[in-house]
Amino acid sequence: MQSVTIRDVAALAGVSTATASRVLSGHPATSPDARRKVADAATELGFRPNAQARSLRMTRTDTIGVLVSDVRNPFFAEIAHTVAQSAKDAGMATLLCDANESIDQQDRSLDLLLSQRVDGMIVTPQGDGSGSLRQILTLGLPVVFVDRTIDGVDVPSVTSDNRTGIEDAVRHLVDLGHRRIGYVAGPQETSTGRERLAAFRDAVARHELDDDPALVYQGDFQAASGAAGGRALLDLPEPPTAVLAADSLMTFGLLMVCQERAVRIGTDLSVIGYDDIDAFRLVDPPLTVIAHDPGRMGTLAVEMIRALLAGQPVASAVLATSLVERGSTGPARRTA
């Protein structure tokens, strides 16, 4: 007779293999419903987990799972690097996964991290908290959100003051005489995308700027959408005199379009990017940016995970942003 495996138990219980493994190993990060289903399935199939393996799985792994939105984005790469270094200094290891701005890939990554029995997770969440993320949040596993949050989900987070950064950027352009400002927005499924777009619209209304809906292009925090947004805005019958992009990759896309079309940045078009990454200082002229501190985010996130693991209360943190003025913004060009 063929021996019963943990996969058989998981299939009968209607849960993932990772969940079945955690239940059978006695891992605390399991829900009551999952424990009941797995226990019933194991009893029905006559499954007997190996006692030695079970005892090993009940120990701490000193490992933090890290899930960032897009590892190609220098902002998230810096967060991941700082998390790894801070964890190392604390005697812990990290396992890094990339969501690629995809909820499906997020779910697969979270399942993988759970199967590796991480002690806690630092996550840049995608979507509304459904799927595997919702399951994790019911398990009691320590989780800290970084850069983004989910409405109605009570998880400690480290984020930036998106509103002040956008307001400062628009005010700077207004002071230079710009009245028609384009905006390449981030995905509205993310808290950062929503907050930054809302702040931009509020600033446009407060300064009584041109509120033409065509001046807002809906991007997705990827370089290709930044390029598409740049083309759409520059092709308007009355193009904007300035454009603000809501993250670094979309800023790169916008800059590529300006280069393709021989648009003189700072003269023909003022440009403000997001994130003060090194490459933006090498642009000619150097780029005016909304800066925040991904390194500090990563350090705080590790401190929060360690506090949660120690059973200590943890409060969310909102870090300041600042506008760094450089040569990519200049007086609004005169129109005929």
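**Entry 1: pocket and cavity**

On a 1 Å grid over the protein atoms alone, a pocket is an open set of points with protein on both sides within 12 Å along at least five of seven lines, a cavity is a set where a 1.4 Å probe fits but cannot get out, and lining residues have an atom within 4 Å of a point. Points are joined across faces, edges and corners, and a volume is the space filled by probe spheres set on them. I am reading a predicted model, in which local features need pLDDT of at least 70 and side-chain atom pairs count only at pLDDT 80 or more, while totals for chains, interfaces and linings use all residues. Residues are numbered from 1 along each chain as its sequence is written, and side-chain values use heavy atoms, with hydrogens and water left out.

I looked up the second largest pocket, and its volume is about 160 Å³. Its lining consists of E101, S102, I103, Q126, G127, P187, E189, T190, G219, D220 and Q222. I sorted this lining by class and found two nonpolar, six polar and three charged residues; here Ala, Val, Leu, Ile, Met, Phe, Trp, Tyr, Cys and Pro count as nonpolar, Asp, Glu, Lys and Arg as charged, and the others, Gly among them, as polar.

How many cavities of 30 Å³ or more are there? The count comes to one, and I noted about 80 Å³ as the volume of the largest cavity. The residues around the largest cavity are N73, F75, F76, D147, R148, T192, R196, F221, D247, D275 and H292. Sorted by class, that lining holds five charged, three polar and three nonpolar residues. Helices α5 (74-89) and α9 (191-206) each supply at least two residues of the lining; helices (H or I, at least four residues) and strands (E, at least two) are DSSP runs, numbered from the N terminus.

**Entry 2: the whole chain**

I counted 13 helices and twelve strands in the protein chain, whose C-alpha atoms fill a box of roughly 85 × 35 × 35 Å along the principal axes. Of the 336 residues, 51% are buried, where buried means under 20% relative accessible area, exposed over 50%, and partly exposed in between, with a 1.4 Å probe and protein chains only. Among contacts (heavy atoms within 4.5 Å) with a separation of 6 or more, 71% join residues 24 or more positions apart.

**Entry 3: helix α8 and the cores**

Helix α8 covers residues 162-175, 14 residues in all, and reaches 20 Å from its first C-alpha to its last, close to the 20 Å expected at 1.5 Å a residue; the expected span is 1.5 Å times one less than the number of residues. Which residues of α8 are buried? I listed N162, G165, I166, E167, A169, V170, H172, L173 and V174. Just after the helix, G177 takes a positive phi of about 95°.

A nonpolar core is a set of buried Ala, Val, Leu, Ile, Met, Phe, Trp, Tyr and Cys residues joined through side-chain atoms within 4.5 Å. The largest one has 42 residues, and those with the most contacts inside it are I166, V170, Y183, F200 and L244. Two or more of its residues come from each of α8, β6 (181-185), α9, α10 (223-234), β8 (242-245), α11 (248-260), β9 (270-274) and β10 (288-291). Apart from this core lies another, of 22 residues, with V66, F76, V146 and V302 among them. I then followed V170, which touches I181, F200, A203, H207 and L209, leaving out residues up to four places away in sequence.

I found a cis peptide bond joining D284 and P285, with omega about 0°, and P285 lies in the loop between α12 (278-282) and β10.

D62 has a positive phi of about 55° although it is not a glycine, and D62 lies in the loop between α4 (51-57) and β1 (63-68). Is D62 buried or partly exposed? At a relative accessible area of 36%, D62 is partly exposed. D275, also not a glycine, has a positive phi of about 85°; its place is the loop between β9 and α12, and D275 is buried, at 4%.

**Entry 4: two buried residues**

T241 lies in the loop between α10 and β8 and is buried at 9% relative accessibility. Setting aside residues up to four places away in sequence, T241 touches H178, R179, R180, D268, L269, S270, A332 and R333. Q106 is in helix α6 (residues 103-115), and I noted it as buried because its relative accessibility is 0%. Its contacts beyond four places in sequence are L67, A99, V123, T124, P125, Q126 and L133.
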